[in-house]
Amino acid sequence: MPADGLSERTGLPHLGATARRRHQTGYIPGAASARGSCEVWGRGRAARYACPVTGEWDAPTYDRVANPQTGWGAAVLDRLALTGDERVLDAGCGSGRITEMLLARLPRGRVVALDASGPMLEEARRRLAGHADRVEFVQADLARPLPIGAPVDAVFSTATFHWVLDHDALFRNLAAAIRPGGRLVAQCGGAGNIASLKRVLAGVGDGWPGEYRFATAAETAERLEASGFTDVETWLSDEPTRFEPGEPFETFLETVCLRQHLARLPAEERGDFVKSVAARMPAAELDYVRLNIVARRAG
Ligand SMILES: C[S@@+](CC[C@H](N)C(=O)[O-])C[C@H]1O[C@@H](n2cnc3c(N)ncnc32)[C@H](O)[C@@H]1O
């Protein structure tokens, strides 16, 4: 894999034991699905969602507003003990803000920065340009076998797995990508995530709830074990998050939570939809619930 990695990407159509558990208790990835992808997603704010098929990410805006995700990501990264010379997969690297922190912990190591979204990878390439010799950028779908060459020492992932509907396939693919004994440390939306937003969405427009997999800790532990992981710990944590009301809250909703919803609407209706959802929320706050995962690849 060359350092810039993208020359080896799979191409836009690819955008195309006993478990130890804390609790006993897994878009159609729009940008990554077999349904296809859009190469043009607009000029200017009004056209940002011009790809009705994929609901492609507005990566520069995500990079700017993703402070909650970055804060959670830093805390999750603290759970991954590293010696500094490993090769680690960041599964769903997005715009690369947390990938940058991961790189700082791998002074002699490498990162595979994988994402389904072309715009997100472009943004990550810009941010990580100073580390190009230690980053392999890969555009791929986590729901399909991962084209990353040799197995990595660890997989790290934040704010991504809930976008992958098929968690059985996801964990199977991650297990195949990690060397025996390697670790998986991750966090994503879990059962109960953004419940108040989902209640509001049920009463707006056609009531479409969105496509996510907000799994429980118990079902996730079972899936991980069935996929070849051991020493599994899964747990949910509440992360209620306040925003500045008005434009900052609306921009966050528009960029992160309502991306798929907006992709289904005509361009001229998107602004009103965002405002209507924001106005119906009890407060400029999202009741985030995170699903935390720590596991080891058996073998
Ligand atoms: C909310 S962002 C999180 C980015 C970064 N990890 C962070 O915490 O800021 C979710 C990322 O997951 C990626 N993603 C969603 N579904 C995916 C899939 N099936 N395969 C690969 N990446 C996917 C999206 O393109 C997006 O960049």
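Good morning. First, the ground rules. Residues are numbered from 1 along each chain, following the sequence as written. Because the model is predicted, local features need pLDDT of at least 70 and side-chain atom pairs count only at pLDDT 80 or more, while totals for chains, interfaces and linings use all residues.

Let's start with the overall make-up. The protein chain has 10 helices and seven strands. Those are DSSP runs, numbered from the N terminus: helices are H or I with at least four residues, strands are E with at least two. Of the 299 residues of the chain, 47% count as buried. Buried means that 20 or more other C-beta atoms lie within 10 Å of the residue's own; exposed means 12 or fewer; partly exposed is in between; and the C-beta atoms are placed from the backbone.

Now the sheet. In what order do the strands of the open sheet run? The order is E3-E2-E1-E4-E5-E7-E6, seven strands with mixed pairing. Two strands pair if DSSP finds at least two bridges between them. The edges are strand E3 (135-139) and E6, and each pairs on one side only. Neighbouring strands are turned by 15° against each other on average, direction ignored. As for angles and axes in this talk, axes are lines fitted to C-alpha atoms, for helices over the stretch in contact, and angles run from 0 to 180 degrees between N-to-C directions.

Look at strand E4, residues 152-158. Seven of its seven residues are buried, so E4 is largely enclosed by the rest of the structure. Strand E1 (residues 87-91) pairs with E4 in the parallel sense, over three bridges. There, Val-88 stands opposite Ala-154, and Leu-89 stands opposite Val-155. E4 also pairs with E5, again parallel, over six bridges. In that pair, Val-152 stands opposite Ile-178.

Next, what packs on the sheet? Helix H3 (residues 97-104) does, touching E1, strand E2 (110-115) and E4. The direction of H3 makes about 165° with that of E2. Helix H5 (residues 167-177) packs on the sheet too, touching E1, E4, E5, E6 and E7, and its direction makes about 140° with that of E5. Touching, or contact, means that the C-beta atoms of two residues, placed from the backbone, lie within 7 Å.

Stay with H3. Six of its eight residues are buried, so H3 is largely enclosed by the rest of the structure. Which ones are buried? They are Arg-97, Ile-98, Thr-99, Glu-100, Leu-102 and Leu-103. Their cover includes helix H1 (59-65), helix H2 (67-77) and helix H4 (118-127), along with E1, E2 and E4.

On to the core. In soluble globular proteins, nonpolar side chains tend to be buried together. A nonpolar core is a set of buried Ala, Val, Leu, Ile, Met, Phe, Trp, Tyr and Cys residues joined through C-beta atoms within 7 Å. The largest one here has 77 residues. Leu-89, Ala-113, Leu-114, Val-152, Val-155, Leu-174 and Leu-184 touch the most other members. Strand E7 (residues 285-297) gives the most to this core, with six residues. Take Val-155: leaving out residues up to four places away in sequence, its contacts are Leu-89, Ala-91, Leu-174, Ala-177, Ile-178 and Leu-184.

Now a helix pair. The axes of helix H8 (residues 247-257) and helix H10 (residues 267-280) come within 10 Å and cross at roughly 115°. Phe-249, Glu-250, Leu-253 and Glu-254 in H8 meet Val-274, Lys-275, Val-277 and Ala-278 in H10. By class, that contact has five nonpolar, no polar and three charged residues. Ala, Val, Leu, Ile, Met, Phe, Trp, Tyr, Cys and Pro count as nonpolar, Asp, Glu, Lys and Arg as charged, and the others, Gly among them, as polar.

Last, some backbone details. Most residues other than glycine have a negative phi. Ile-194 is not a glycine, yet its phi is positive, about 40°. Ile-194 sits in the loop between strand E5 (178-189) and helix H6 (195-202). Is Ile-194 buried or exposed? Ile-194 is buried, with 21 other C-beta atoms within 10 Å. Asp-231 also has a positive phi, about 50°. Asp-231 is in strand E6 (residues 229-242) and is partly exposed, with 17 other C-beta atoms within 10 Å.
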